[in-house]
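Work through the exercises below with the sequence and the 3D structure at hand. Each task is followed by a solution in steps.

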Amino acid sequence: MARPGRSWGRARDGRGVVTEQIVKPRRPRVLVVDDLRSNRELLEGRLADLGYDVREAKDGIEALEAVDAEEPDLILLDIDMPRLDGIAVCEKLKAHPIRRLIPIVILTASNDRDMKLRGIAAGADDYLSKPFDAKELLIRTKVLLRQRELNQRLDATEGVLFALARAVEARDRHTIHHAERVGRYAEAIGGAQGLGAEDCDLLYQGGVLHDLGKIAIPDAILLKPGPLSPEEFSVMRTHSIEGERICLSLRSIAHYLPIIRHHHERIDGAGYPDHLVGKDIPLGA
């Protein structure tokens, strides 16, 4: 029942189609970093015409402060600037675990090949040559902003999965924080074996997700205080396959799937679900 004084109707066009939006789109935020005011004003004018929310910074220090204050969706970054140049800014942002996903376009002189290569080596996603071509600016910004939007959606989806994984272990007071510990132990073992930071991070994340499939196990089995019957244990063993099934359609976490599916395999083949032996077991599992 509608509250007095409040309309629950929907705005519709002449054909009866709903025209209002549930979530109003936010204008993409673009940070323009250049020590020359004329360049900043030129880019701001063109980007504002495209409907973007444009912020400015006149050097690398201001750029980092602007990112700290409000994370942009795209950065147009000049290289040759006082205090902190664009290469250093790019390296700092691309080394950050979260901000490395912000697309960065370096701004260079059209004939400065070495500077373009330096920018790309620092992690820049693209480059624009001066003087700027309006059509090229439009296409490059649209492509990178679309990529940014997709990355954010993938991050949100992954976040839901990790929240689910932690919710699963919270169902059982005996296993609370178990997944986190497994992830930390796996990460430490990987580091001790000489694996790189990216592989160690994969081990940690895979450890957190490894028991996600237990969400499909009935409480009567998962929380049973005594030993499981053979039939109940058969159901419990399906959690690794269920975890893989839950994550299977998400390409962004495909690298976790072998860990999720095979974390109960044993080197002698007595594990499950596929009874893999020795080196057939994926390294992460």
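**Exercise 1.** Which residues in the largest nonpolar core touch the most other members?

*Solution.* This is a predicted model, in which local features need pLDDT of at least 70 and side-chain atom pairs count only at pLDDT 80 or more, while totals for chains, interfaces and linings use all residues. Residues are numbered from 1 along each chain as its sequence is written, and side-chain values use heavy atoms, with hydrogens and water left out.

Step 1. A nonpolar core is a set of buried Ala, Val, Leu, Ile, Met, Phe, Trp, Tyr and Cys residues joined through side-chain atoms within 4.5 Å. Buried means under 20% relative accessible area, exposed over 50%, and partly exposed in between (1.4 Å probe, protein chains only).

Step 2. The largest core has 22 residues, and those touching the most other members are Leu 31, Val 33, Ile 75, Leu 77, Val 89 and Leu 93.

Step 3. Two or more residues each come from strand 1 (29–33), helix 2 (60–69), strand 3 (74–78), helix 3 and strand 4. Helices (H or I, at least four residues) and strands (E, at least two) are DSSP runs, numbered from the N terminus. Helix 3 gives the largest share, five residues.

Step 4. A second, separate core has 15 residues, including Leu 43, Leu 128, Phe 132 and Leu 145.

**Exercise 2.** Is Leu 128 buried or exposed? Find its place and its contacts.

*Solution.* Step 1. Leu 128 lies in strand 5 (residues 126–130).

Step 2. Its relative accessible area is 1%, so Leu 128 is buried.

Step 3. Contact means heavy atoms within 4.5 Å. Leaving aside neighbours within four places in sequence, Leu 128 is in contact with Val 105, Ile 106, Leu 107, Thr 108, Glu 136, Leu 137 and Arg 140.

**Exercise 3.** Which residues of helix 4 are buried?

*Solution.* Step 1. In helix 4 (residues 113–121), the buried residues are Met 115, Lys 116 and Gly 119.

Step 2. Seen down the helix axis, these residues fall within an arc of 100°, so they line one face of helix 4. The arc is that of the directions from the helix axis to the C-beta atoms.

Step 3. The buried residues of helix 4 pack against helix 3 (86–94), strand 4 (104–109) and strand 5.

Step 4. Arg 113, Asp 114 and Ala 121, on the other side of helix 4, are exposed.

**Exercise 4.** Where is Leu 283?

*Solution.* Step 1. Leu 283 is in the segment after helix 11 (257–262).

Step 2. Leu 283 has a relative accessible area of 77%, so this residue is exposed.
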